[in-house]
Amino acid sequence: MSMRSTRTVVVTNPQGLHARPADLFVKTATRFASKIELVKGHERVDGKSILSLLTLAAVAGTQLSIEADGPDAEQALDALAKLVEQNFAENEHVHE
Amino acid sequence: MKFADFVSREAIRAELTADDKEGVIREMVQALLAAKKIPQGEYDSIVKAIMKREELGSTGIGRGVAVPHTKHPSIDRLVGTVAISSEGVDFDSLDGERVHLFFLLISPPDRPGDHLRALENVSRQLRDETFCKFLKQAKNKEDIVQLLEEADNNQFVS
């Protein structure tokens, strides 16, 4: 069964979607069979490609839509939305 | 943001001699120091900060590219440089491939947006295979400067 679903999230970590969060997002997305895409305004990119994610330059406050299409779409969206909402487990004291 | 906005031409290195991660980072930070883009006396501190960032997860983002970076309090505007290793370096890349192209970035602690826009530019250009291929084949600083200028003028990305 294939399902298509969308979730809207806001990037809240102060550093935005930089290299490490993008890496975490891709690692999480690739655990799922569903096709994952990330949409910012009129830009749509592959959620399983770190180079693509980084082209969004999503600063803190950016609204993103996560779209999943596939058998595990809901589980994928749950995991990815949680990751964004929990600020990618970023520790502000870490010297980035 | 364009390459010209943050890449120090004087610090570009067309042929890295280092063959490991720390060596590459040292060579590139040294190049920025020689180009007077970072303060004298901050060399060790900056190298250490970049290495510490690598411990959190490699910045080898695939396709033979790495973007080692850090924030540093001694810097008041984003600086960066480009280097190439024809041999390639084991950088613990996300895709396991050896790294040939390095974009090193140092940003002021309070400017996360600039850092993101520099990453955006680097990743956008590197998605273009022609740009990647030409850059890896660059033989000298002039070749690299020319390729970066062409990329800035949107000759690779439509």
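**View 1. A:Asn87 sits in the segment after helix 3 (73–85) of chain A.** Helices are DSSP runs of H or I with at least four residues, strands are DSSP runs of E with at least two, and both are numbered from the N terminus. The phi of A:Asn87 is near 55°, a positive value in a residue other than glycine. A:Asn87 is partly exposed, with 16 other C-beta atoms within 10 Å. A residue is buried if 20 or more other C-beta atoms lie within 10 Å of its own, exposed if 12 or fewer, and partly exposed in between; C-beta atoms are placed from the backbone.

**About the model.** This is a predicted model: local features need pLDDT of at least 70, side-chain atom pairs count only at pLDDT 80 or more, and totals for chains, interfaces and linings use all residues. Residues are numbered from 1 along each chain as its sequence is written, while chains are lettered from A and ligands numbered from 1 in the order in which they are written. The model scores ipTM 0.76 and pTM 0.87. Chain B has a mean pLDDT of 94 (the predictor's confidence in each residue, from 0 to 100), and 99% of its residues reach 70 or more.

**View 2. Helix 2 of chain B runs from residue 21 to residue 34.** This helix has 14 residues. From first C-alpha to last, helix 2 of chain B reaches 20 Å, close to the 20 Å expected at 1.5 Å a residue. The expected span is 1.5 Å times one less than the number of residues. Which residues of helix 2 of chain B are buried? They are B:Lys21, B:Val24, B:Ile25, B:Met28, B:Val29, B:Ala31 and B:Leu32. These residues lie on the same side of helix 2 of chain B because they cover an arc of only 150° around the axis. The arc is that of the directions from the helix axis to the C-beta atoms. An α-helix has 3.6 residues a turn, so residues three or four places apart point the same way. The face turned away from the buried side carries exposed B:Glu22 and B:Ala34. Helix 3 (43–55), strand 4 (79–89) and strand 5 (99–107) of chain B are among the elements covering the buried residues.

**View 3. B:Arg26 lies in helix 2 of chain B.** B:Arg26 is partly exposed, with 18 other C-beta atoms within 10 Å. Leaving aside neighbours within four places in sequence, B:Arg26 is in contact with B:Ala18 and B:Val47. Contact means that C-beta atoms, placed from the backbone, lie within 7 Å. B:Arg26 and B:Lys48 are 22 residues apart in sequence. Their C-alpha atoms are 9.4 Å apart in space.

**View 4. B:Lys36 is in the loop between helix 2 and helix 3 of chain B.** B:Lys36 has a phi near 60°, a positive value in a residue other than glycine. B:Lys36 is exposed, with 11 other C-beta atoms within 10 Å.

**View 5. Strand 2 (residues 35–40) of chain A pairs with strand 4 (residues 63–70) of chain A in the antiparallel sense.** Strands pair if DSSP finds at least two bridges between them. This pair has 5 bridges. A:Ile36 has A:Ala68 of strand 4 of chain A as its bridge partner. Strand 2 of chain A also pairs with strand 3 (residues 43–46) of chain A, antiparallel, over 4 bridges. Here A:Lys40 partners A:Glu43. The hairpin of strands 2 and 3 of chain A has 2 residues between the strands, and A:Gly41 takes a positive phi near 60°.

Terms used
Contact = placed C-beta atoms within 7 Å.
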